[in-house]
Amino acid sequence: MTERRLVTVVTLLAAGISAVATSFGIYATSERFLVSSFNRLVLEVLPGWFVSAVIQRFGDLALELSLLFSGVLLSVIVGSLALAGYRLGASALPASRELVGAVLSVVFVFLAAYLVVGVARAAILPAVVGGAVVAGFDHLSTAGDASADVSPDRRSVVQAVTVVAGYNVVAHGLGFLRRSQTQRTERELQERATRLEAEHLVSEADDAGLEADGIKPLISEIGEFYKVDINPSPPSIDPDGWRLSVTGLVEEELELDYDDVRGYETRNRYKAIRCLSDDIDGEQLDTAVWTGVRMADILEEAGIEDEGEYALLSGADDYYYSVPLEDLEESMLAFGMNGMELPAGHGYPVRLLVPDRWGKLHVKWLTDVEIIDDGEGGYWEERGWHGMGPVNAVTKVDRINRLEDGGIQLVGHAYAGARDVETVEVSIDGGDSWESATLSDPLPDSDTTRQWLYEIDPDEGDPDSYDVYARTIDGEGTVQPEARSDPFPDGATGWAHRSVRRG
Ligand SMILES: Nc1nc2c(c(=O)[nH]1)N[C@H]1C(S)=C(S)[C@@H](COP(=O)(O)O)O[C@H]1N2
Ligand SMILES: [Mo]
């Protein structure tokens with residue numbers, strides 16, 4: 001390469017890279033950064049199969065790589081235009097070659113940049129810098145001689161390159177600083193908004209609740225929420241090393257890290273969980289506000305193949321369940337509970353929530369989702385339990401309060417899965433006659449508990465003790481079955497029963 005040609009290449013690259021770096025320094029992550037917009041154009045031109053293959057192979061890195069590629073390509077294009085503009089201007093009016101050349105160079109780069117970003121303001125400075133660099137190089141390499149044909153002054157060019165390199169370091173540094181700041185603020189803002197919303201939901205539930213001594217709150221505090229684990233202590237999981245893999249009968253296997261999972265659209269929802277081993281009078285039923293993402297969004301990204309019918313869900317403790325995919329349509333992967341990070345005991349970093357199903361399907365410390373064609377059941381089925389279908393309705397009595405006016409107040413809560421509690425009925429005569437209890441306002445989400453309250457006004461003619469029953473009627477009009485059964489193997493059934501003294 002001759003020295004002149006070398007100077008041409010250096011000029012071209014210096015102008016192009018500096019123009020692009022200017023845009024990066026100012027606009028960093030936004031769409032106004034020339035390379036962001038240009039990269040979109042490049043991705044549109046490339047064949048879809050190629051783009052998705054690269055993304056599959058390189059993940060997040062693919063985006064960085066394609067930005068780098070687009071950045072280099074755009075620098076060369078912009079540099080060439082800057083140089084072409086300059087040369088055209090310079091040869092048109094040799095008398096004032098530097099001025100006219102620089103102006104035309106700026107115009108060329110401006111037009112190209114404007115075409116790419118579509119915002120005139122975002123094209124101005126990169127164009128000015130591009131034109132200035134070309135003019136500067138030309139000025140230096142021809143200094144001391146009016147003719148453009150002499151050999152360039154090597155030292156001047158080296159100096160110019162140093163200046164341009166310094167400028168690029170500063171511009172890139174500024175861009176990267178902005179980029180990391182914006183990313184951090186965006187993430188913090190989003191997290192804060194989600195946490196605030198969840199906290200707001202917790203306090204809203206307070207307003208929906210009834211006031212009575214000893215009544216179980218609609219939302220259980222984290223320390224009060226029941227726990228059932230197959231191991232004495234929860235597996236401790238480092239979120240940095242944790243991965244959620246989606247494999248099996250999918251079009252594209254996924255391996256998501258914690259940030260990936262949190263990157264899907266976040267939702268908050270109220271939801272109760274009840275253990276299959278919960279007795280009619282047991283305490284393994286609680287409601288919380290959960291923050292997470294929709295399982296369906298993740299499965300959609302993976303793409304379920306036609307034969308895929310079930311999802312085999314495994315936790316880090318080797319606990320597992322296989323459920324029909326229909327059951328996961330409205331299910332959620334939760335990473336937050338009552339506005340806090342999901343606690344270790346409840347499945348940190350991520351647990352499953354399945355509407356209308358027993359707690360056992362709510363796999364904690366989830367690590368694997370494998371799409372399979374058959375085979376329902378899991379850990380407890382191997383131990384003789386059943387209950388893959390909807391949870392049973394249940395009515396709990398929390399407390400019997402003796403009021404000052406002589407009245408007897410029964411308070412409790414009820415749950416009927418996603419059918420929801422429509423009415424709680426109380427009988428004080430052994431089930432002959434029934435009256436509706438007062439209910440707490442329904443929470444805005446289905447699959448949640450409601451509190452109830454019922455007052456007996458004892459009468460002289462009443463028996464010494466009341467034979468009290470309480471039962472739930474769900475949103476489909478189904479009355480909670482009367483027959484008593486133990487939790488094993490299908491979940492407890494039967495009305496709540498108390499014998500309550502009159503005085
Ligand atoms: N990985 C894992 N997930 C699990 C369990 C478990 O032992 N390991 N227990 C299940 C059972 S039987 C129930 S009732 C619920 C309880 O959830 P909680 O402990 O958050 O209340 O989690 C379910 N998910
Ligand atoms: Mo359970």
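Here are a few friendly notes on this predicted model, going from the recorded regions to the salt bridges and then to a cavity.

1. **Regions named in the record.** Start with what UniProt says. Its unreviewed entry places the feature "transmembrane region" at residues 6-29, 65-86 and 98-117. In the model, residues 6-29 are 92% helix and 0% strand, with end C-alpha atoms 33 Å apart. Residues 98-117 are 100% helix and 0% strand, and their end C-alpha atoms lie 28 Å apart.

2. Over residues 405-483 the chain is 0% helix and 46% strand, and the end C-alpha atoms are 35 Å apart.

3. **Salt bridges.** The count comes to 21 salt bridges. One of them joins Arg40 and Glu31, with the closest N and O atoms 2.5 Å apart. Arg40 has 46% relative accessibility, so Arg40 counts as partly exposed. Glu31 counts as partly exposed too, at 43%.

4. **A link between two helices.** Arg179 forms a salt bridge with Glu64, and the closest N and O atoms are 3.5 Å apart. Because Arg179 lies in helix α7 (residues 154-208) and Glu64 in helix α4 (residues 60-92), the pair ties together parts that are 115 residues apart in sequence. Arg179 is buried, with a relative accessible area of 19%, while Glu64 is partly exposed at 39%.

5. Where do the partners Asp278 and Lys396 lie? Their salt bridge has its closest N and O atoms 2.6 Å apart. Asp278 lies in the loop between β3 (266-274) and β4 (285-294) and Lys396 in strand β12 (residues 394-402), so this pair ties together parts that are 118 residues apart in sequence. Asp278 is buried, with a relative accessible area of 0%, and Lys396 is buried as well, at 3%.

6. **A network.** Look next at Asp327, Asp356, Arg357, Arg419 and Asp474: salt bridges that share partners join these residues into one network.

7. **The cavity.** How many cavities of 30 Å³ or more are there? The count comes to one, and the largest cavity holds about 30 Å³ of space. Its lining is made up of Lys216, Pro217, Leu218, Asp286, Thr287, His413, Thr449 and Gln451. By class, that lining has two nonpolar, four polar and two charged residues. Why does the largest cavity lie between two domains? Domain 2 (217-383) and domain 3 (394-501) both give residues to the lining, so the cavity lies between them.

Methods: Residues numbered from 1 in each chain as written. Chains lettered and ligands numbered in written order. Predicted model: local features only at pLDDT ≥ 70, side-chain atom pairs only at ≥ 80, totals over all residues. Heavy atoms only, no water. 1 Å grid on protein atoms, 1.4 Å probe; cavity = no way out; pocket = protein on both sides within 12 Å on 5 of 7 lines; lining within 4 Å. Points joined across faces, edges and corners; volume = space filled by probe spheres on them. Nonpolar A, V, L, I, M, F, W, Y, C, P; charged D, E, K, R; others polar. Domains from an automatic or database assignment. UniProt positions renumbered as here; feature names shortened; annotations may be inferred. Helix = DSSP H or I, 4+ residues; strand = E, 2+ residues; numbered from the N terminus. Salt bridge = Lys/Arg side-chain N within 4 Å of Asp/Glu carboxyl O. Buried < 20%, exposed > 50% of the residue type's maximum accessible area, 1.4 Å probe, protein only.
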